[in-house]
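Colleague: I am new to reading protein models. Could you walk me through this one?

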Amino acid sequence: MKRLMLIVSILLLTACSSNKIPDGFNENDLNQKAEEIINLLNENNVDEVYAMFRTDVEAMIKLEDLEVIIQDKFNQVGTFKEISQVAITDTKDPNTSEVYAVVIVSSDHEKGRTTYTLSFNKELEIVGFFIK
């Protein structure tokens, strides 16, 4: 499952074209959605984040597998402290030409750092999710 998520994220990110907010997206909305997701994950509400996945993305991974991935990562880095950096860019799906916003968030934890790569469609559904 980790490999599948990595492949999906790489496919989405390989088409990154610039460091700008894509047309049709709002920077404030993207920042708020990313912060909401990170807070939910840190409160162990993975199911609520999973419900934000677009249906086809949801079909790629089981909730239980996502919960294990998140828990494993948090076991490594410890308790969440703060979001330290946010960058937003865009990417284009090579198969459909749909443009996505990609929000890359770094957060500090007691024993390390976590980087989230969250891709959204215009409805702010999660179409890509990677955590490292």
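Here are a few questions and answers on charges and strands.

Modeller: Happy to! This is a predicted model, in which local features need pLDDT of at least 70 and side-chain atom pairs count only at pLDDT 80 or more, while totals for chains, interfaces and linings use all residues. Residues are numbered from 1 along each chain as its sequence is written, and side-chain values use heavy atoms, with hydrogens and water left out.

Colleague: How many salt bridges does the structure hold?

Modeller: A salt bridge is a side-chain nitrogen of Lys or Arg within 4 Å of a carboxyl oxygen of Asp or Glu. One of them joins D108 and R113, at 3.0 Å from N to O. The number in the structure is five.

Colleague: Which residue does D90 meet in a salt bridge?

Modeller: D90 lies in strand 1 (residues 80-92), and its partner sits in the loop between helix 1 (2-13) and helix 2, 70 residues apart. Helices (H or I, at least four residues) and strands (E, at least two) are DSSP runs, numbered from the N terminus. The N to O distance is 3.7 Å, and the partner is K20.

Colleague: Is D90 buried or exposed?

Modeller: Buried means under 20% relative accessible area, exposed over 50%, and partly exposed in between (1.4 Å probe, protein chains only). The relative accessibility of D90 is 7%, so D90 counts as buried.

Colleague: Which residues are linked with R54 in a network of salt bridges?

Modeller: R54 is buried, at 18% relative accessible area, whereas D56 is partly exposed at 39%. Between R54 and D56, the closest N and O atoms are 2.7 Å apart. The residues linked with R54 in the network are D56 and E98.

Colleague: In what sense do strand 3 and strand 4 pair?

Modeller: Two strands pair if DSSP finds at least two bridges between them. Strand 3 (residues 112-120) and strand 4 have five bridges, and S119 has G128 in strand 4 as its bridge partner. The sense of the pairing is antiparallel.

Colleague: Which residue in the turn of that hairpin has a positive phi?

Modeller: Strand 3 and strand 4 form the hairpin, with five residues between them. In the turn, the residue with a positive phi, about 65 degrees, is L124.

Colleague: How many residues of strand 4 are buried?

Modeller: Strand 4 covers residues 126-131 and is mostly covered. Of its six residues, the number buried is six.
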